[in-house]
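Q: Could you take me through this structure, one topic at a time?

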Amino acid sequence: MSNEIQKFQDPGLPEHVHRKTDVDPKAADRAERQVAILFVLSALFTVLAIYAYIFISDEIFFFLPIMGDTNAHQLFLGLGMAFSLLFIGLGLVHWAKNLMPDTEVIAERHEFRSPDEDREDFVRTVKEQAGAAGLGRRSLIKRTLGLALGASALTPIVLLRDLGPLPGKELEKTSWKTGTRLVTDPGDRPIRPEDLEVGAVAQVLPELEVGKVRHLYDIAKDAVLLIRLRPSEFQLDAERLSWTHDGIIAFSKICSHMGCAVALYEQQTKHLLCPCHQSTFDVTRAAKVIFGPSARPLPQLAITVDSDGYLVAQQPFNEPVGPSFWERSS
Amino acid sequence: MKKAERIGGNVASYVDDRTGAAKWLRKNLTKVFPDHWSFMLGEIVLYSFIILLLSGTFLTFWFDPSQREVVYEGSYEPLQDIKMSAAYASALHISFDVRGGLLMRQIHHWAALLFMAGMIAHLMRVFFTGAFRKPREANWLIGVGLVTLGIVEGFLGYSLPDDLLSGTGIRIAEAIIQAIPVVGSYLAFFAFGGAFPGEAFIPRIYTVHVLLLPGMFLALITIHLMLVWYQKHTQYPGPGRTEKNVVGYPLMPIYMAKAGGFFFIVFGVTAFLGAVASINPIWLYGPYNPGQVSAGSQPDFYMGWLDGLVRMAPPLETYAFGYTISWNILIPGLIVPGILFTLMALYPFIESWMTGDKSEHHLLERPRNNPNRTAIGAMSIAFILIVLINGGNDIIATHFSLTINQIMWFTRIGVIVIPPLVFVITKRICLSLQRADREKVLHGRETGRLVMLPHGEFVEVHEELTAGEKFTLTQHLQPKALAVPDVDENGVKNPQGIKGKIRARFSQAHAEQIPAPTETEAKALGGGHH
């Protein structure tokens, strides 16, 4: 026996150490008073909360370090509520820790596994009952039941069909048509090339047809950015160059990655940056992706001027704008 | 006391006469729970859920979940006469024209953050102490389900006000749906009732946010707690604590007072945050407009890691046969999170398969005593933290004068290189801590007291540990690696093949431990505690 390796033995639960409140009635009384004070404080803060709700005007602001301009009504209402709750909690915990019994108790655990006998009995019962119902033999019933249950789940799914229309070609179209004027957003004023200085950038939308209203779902596809560079700064092929007008180039503002508005333009580098995921597009090279997760350039809108000298679209976008989708062909 | 006792007795007999519950109640009211600060993490989650229900109900009294266009005429001047959705206008109304409305909105948002943070902390506690092991696998699965639903619920919640920031978040969610192969654009049109943004989405997610998901939370939390109750709580090892018992305090009165008190403390802290710490100031963002965005758009932290993944994805799309597959969205938006959550959900089963351990465990493990698991956990946390850093790359770039490109490339490389490093380092640290424990048990604790011996040698006095401490540091199980022989006793090649070899390798990695010291070893060393 002496060769056997012996582990350190469990010395059992350590002896219970009495708290001060267990042995000294004065300490216990003191603890009781402390708990009571905490509860009274709580009640006082409730009074503060109600006072703030009724009597402190929500027009009063004052300056606090770190927090800046602070609304007195909101602050005192909140602090009153916060401390009235906190002191109840602190009181209860103080009570539990100092005045309630703190002797550790041992409860036994029972193994979850039932005795083998019971388990066998259970399995036998299930088998017997299943056998009595003919589950084992009558496979036709089982299969058709499976079919019926599976099929019945289809109805609720079909019922969801009217949640929305079918997409059709909707994702591929925008409101831009040949000759549509570019108008400012906001303001809806048509723009002449000379309104835009070199280096400037503007958000534009297609001019509304008479009697039409602009919906958010229109803006979600129609928003376009105009940027004016020196014509010599472009590095475009002949076709794309012909889509610009006098140094003004137009791109869809809806990111080709996930559809955020590509709103940041760096004048020095001539880069467009999407603030959502940092896809970066080079304006001089037809919005080629030079950084970030987007896989495609921003669609370019071909622009020119009409007979009145206003900027118009030469033609609709030649590809869908916004994030990719399955049916997109390029 | 006399009168109180009589009333108490009357109530008890009233209940028992009608339910016959006396025996059950007596047993359960004195049910024993072990005490440890880390067991309160789950409680925080439960209490913040209750706070969410209370503050959320308050908000529904004024919130108008409609995308109908209205002109704002409330008391916040900068937005007056501006067109916006009724949802945004009513959220502004709650913030500026309902007394206590802003406080409640902020309490609701802080409680949601606490709910998520608490779940993550609780999940880590359960993981690193091995509390998910048999028989508690089902509760682990429910927990993973709750975290997943929590992320969705939080996202829907902060999307409801329909401000510029949250609308941008919805736009991104729409792009993820739209990127699903074959059915994506159909699903997007069904979800939004047509082209994005439409007028159907806010009312729909409102029902999901206030009814469907809270209902599911209630059901899952109930089962989660019933299982804790029925299976009894796990406990940390120590003298007197075994696999067969629970050592702690009874529910009544200790835990009723402590847990009840803790609820008020959590509520108080949340209310304090709501009172002094501004969160989601929607009035600064303006109404949603798909043609606009605010710089530094950030989701809440529990979505931040997903956003970070999306940001670091390589710009990959496949175009074939007239169709598009957006890998740059699918991989970070659906595939990687799907794999991560599946692995997390299956971990108890994976570990049990790797170690061949099929026995019940009620004693928790110290993280150092299971180096492999702890290293896996640390590796996962490293992964999430790195992608989370990338989720805030724009903010970090402006605060630390870095470029976004630097952070993006650091995290793109780091997300592949750093987690394995963290695995190795964590495992080494765990083994070193085991060595330190061994040292402490065999040679005692360093006291820092130096003594000069008669012949001039200096030694540090070591103090012997108590019997209880020695037991606590040595009681843990150290299972051996599974033996998976290449050939069986008849010389036939092991039919388990590659699978068996993988399992043997995992099991070996899991069994890498510093042997716990034994009494026999201590005796052999003698009493030389210096």
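Q: Before anything else, what kind of model is it?
A: It is a predicted model, in which local features need pLDDT of at least 70, side-chain atom pairs count only at pLDDT 80 or more, and totals for chains, interfaces and linings use all residues. Residues are numbered from 1 along each chain as its sequence is written, while chains are lettered from A and ligands numbered from 1 in the order in which they are written.

Q: How many helices and strands does chain A have?
A: Chain A comes to 8 helices and 14 strands. Both are DSSP runs numbered from the N terminus: helices are H or I with at least four residues, strands are E with at least two.

Q: And chain B?
A: Chain B has 18 helices and 8 strands.

Q: What is the radius of gyration of chain A?
A: For chain A it is 37 Å, whereas a compact globule of 330 residues would have a value near 20 Å. The radius is taken over C-alpha atoms, and the globule rule is 2.2 Å times the number of residues to the power 0.38. Along the principal axes, the C-alpha atoms of chain A fill a box of roughly 100 × 80 × 60 Å.

Q: Which domains are assigned in chain A?
A: Domain 1 covers 20-98 and domain 2 covers 171-313; such bounds come from an automatic or database domain assignment. The centres of these two domains of chain A, taken over C-alpha atoms, are separated by 57 Å.

Q: Which ones in chain B?
A: The assignment for chain B gives domain 1 (1-30), domain 2 (33-293) and domain 3 (443-525). Between domain 1 and domain 2 of chain B, the C-alpha centres lie 37 Å apart.

Q: Changing topic: how many residues of each chain are in contact with the other?
A: 89 residues of chain B are in contact with 81 residues of chain A, a contact being two C-beta atoms, placed from the backbone, within 7 Å.

Q: Which element of chain B gives the most to that side?
A: Helix α10 (residues 251-276) of chain B does, with 16 residues.

Q: How much of each chain is buried?
A: In chain A, 31% of the 330 residues count as buried; in chain B, 41% of the 530 residues do. Buried means 20 or more other C-beta atoms, placed from the backbone, within 10 Å of the residue's own.

Q: Which residues touch the most other members of the largest nonpolar core?
A: Of its 172 residues, these are A:Val224, A:Val262, A:Leu301, A:Ile303 and B:Phe115. Such a core is a set of buried Ala, Val, Leu, Ile, Met, Phe, Trp, Tyr and Cys residues joined through C-beta atoms within 7 Å.

Q: What does A:Val224 touch?
A: Not counting residues up to four places away in sequence, A:Val224 touches A:Leu182, A:Val204, A:Ala250, A:Phe251, A:Ser252, A:Lys253 and A:Leu301.

Methods:
Buried ≥ 20, exposed ≤ 12 C-beta atoms within 10 Å, placed from the backbone.
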